[in-house]
Amino acid sequence: MNNSTSAGDTTGRRDVYVGFTVVIFIFGLLGNTLVIAVLGKKKKRSIHEMFVLNLALADGLFLLLRLPLYVYEKYLTIYKTDAYCRIMILLHTIFYFISIFTITAMAIYRCYVIVNPYNRTKLTPKTGYRIIGFVWFASFIIVLPIAVVSVSKGTECDEKWFHSSHADIYTAALFVLQFLLPLSIIAVAYIKIGVFLVLHKAPQSSPGKNSKREKRRKENKQVIMTLAVIVILFTICLLPGQIAWMVDAFGSPDREKINVVYDASIILDFIHACVNPVIYALLTDSYRKGYKDVITKVISCGRASITPDLESSINMHPDHGSNENENKPTAQVTVDENINRSSAYNVPSSSQLDYKF
């Protein structure tokens, strides 16, 4: 009787767990598809938009390739060959890295644009393509070792290293490259942005402009809080899995408990791949307009007309050297992006610079 009750409880927990995962999959795939649809139809994209599009593509592929198999194996087993293990671990891990590295590149680029508004160094779309190409290449090189050593053990995949110390070294390297280094870079970039916005407050002006100055001050406070949320989300979603891998590699954990942490970390990884589109919609008017336009077209079977201002509304900011206003003396910077395995947030105005949503 006790065994039967225990088995029933386990099955019930599994069904709830899988149901929650399926909901994440639907929302994540839908959200990232909307981002791709909004930005993919643009003929010209800023560097920032290239990053957002690349992030949505990586997150969408991560969910599409990882989550269905994960759910399937909760109920049934798959007999795995060496080739299967090597290909799947490569595909699952590379998009995880691409997402994290893209988020890091977005943070660096955002910091560069905001903190150096008058820098005339040209950053052309070709620069954006080169950065994205490097992100994909670096991700492939980093995950290649684990793909090489992956082997089949019937219904499971395992790693067969030449020496156990090699596995420990690789695990430590992944912790640094997947989490510690990106988080440090992202945090430093956003701290620099926050300090810049605080130090470059709007100057005193005539009474008629007080309301506008007060609005900008509130926007700056909102941006600083948003930047903090970016780092917090990144940490919350990625830290449990990183800790589990390190404890598993260098400690003597209870196998049952560590497996629970692994399951929780996988769910957090899936959530992290979903948060970007949600944040776009909550914080960015331009993406909300883009989402509505795409959804309206789908519902009306393509008969709805594109809103005339959509093309300009999702231009978050001009890239240095790639915008028609390049030679103007004033600097206008409009930034909109989010960090997951995340992130699209906007940086409002500060001083005479115009940072707007």
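How many helices and strands are there in the protein? There are 10 helices and four strands, where helices (H or I, at least four residues) and strands (E, at least two) are DSSP runs numbered from the N terminus. This is a predicted model, in which local features need pLDDT of at least 70 and side-chain atom pairs count only at pLDDT 80 or more, while totals for chains, interfaces and linings use all residues. Residues are numbered from 1 along each chain as its sequence is written, and side-chain values use heavy atoms, with hydrogens and water left out.

**The whole chain**

Begin with a cartoon view and follow the elements from the N terminus, which run α-α-α-α-β-β-α-α-α-α-α-α-β-β. Of the 357 residues in the protein, 44% are buried, where buried means under 20% relative accessible area, exposed over 50%, and partly exposed in between (1.4 Å probe, protein chains only).

**The disulfide**

Next, select C85 and C157, which form a disulfide with their sulfur atoms 2.0 Å apart; the term covers a pair of cysteine sulfur atoms within 2.5 Å. C85 lies in helix 3 (residues 82-115) and C157 in strand 2 (residues 156-159), so the pair ties together parts that are 72 residues apart in sequence. A search of the whole structure finds one disulfide, and because the torsion about its S-S bond is about -85°, this disulfide is left-handed. Its two ends can be compared by colouring for accessibility: C85, at 2%, counts as buried, whereas C157, at 38%, counts as partly exposed.

Now move to C274, whose sulfur is 9.6 Å from the closest cysteine sulfur, in C237, too far for a bond. C274 counts as buried at 11% relative accessibility, and C111 counts as buried at 9%.

**The aromatic rings**

Finally, show the side chains of Y17, F62, Y70, Y96 and F270, which form one aromatic cluster. The structure holds 11 aromatic pairs, meaning rings of Phe, Tyr and Trp (its six-membered ring) whose centres lie within 6.5 Å, with planes under 30 degrees apart counted as stacked, over 60 as edge-to-face and the rest as tilted. One of them joins F62 and F270, a tilted pair at 5.9 Å centre to centre with 50° between the planes. Because F62 lies in helix 2 (residues 47-75) and F270 in helix 7 (residues 255-272), this pair ties together parts that are 208 residues apart in sequence. Both F62 and F270 are buried.
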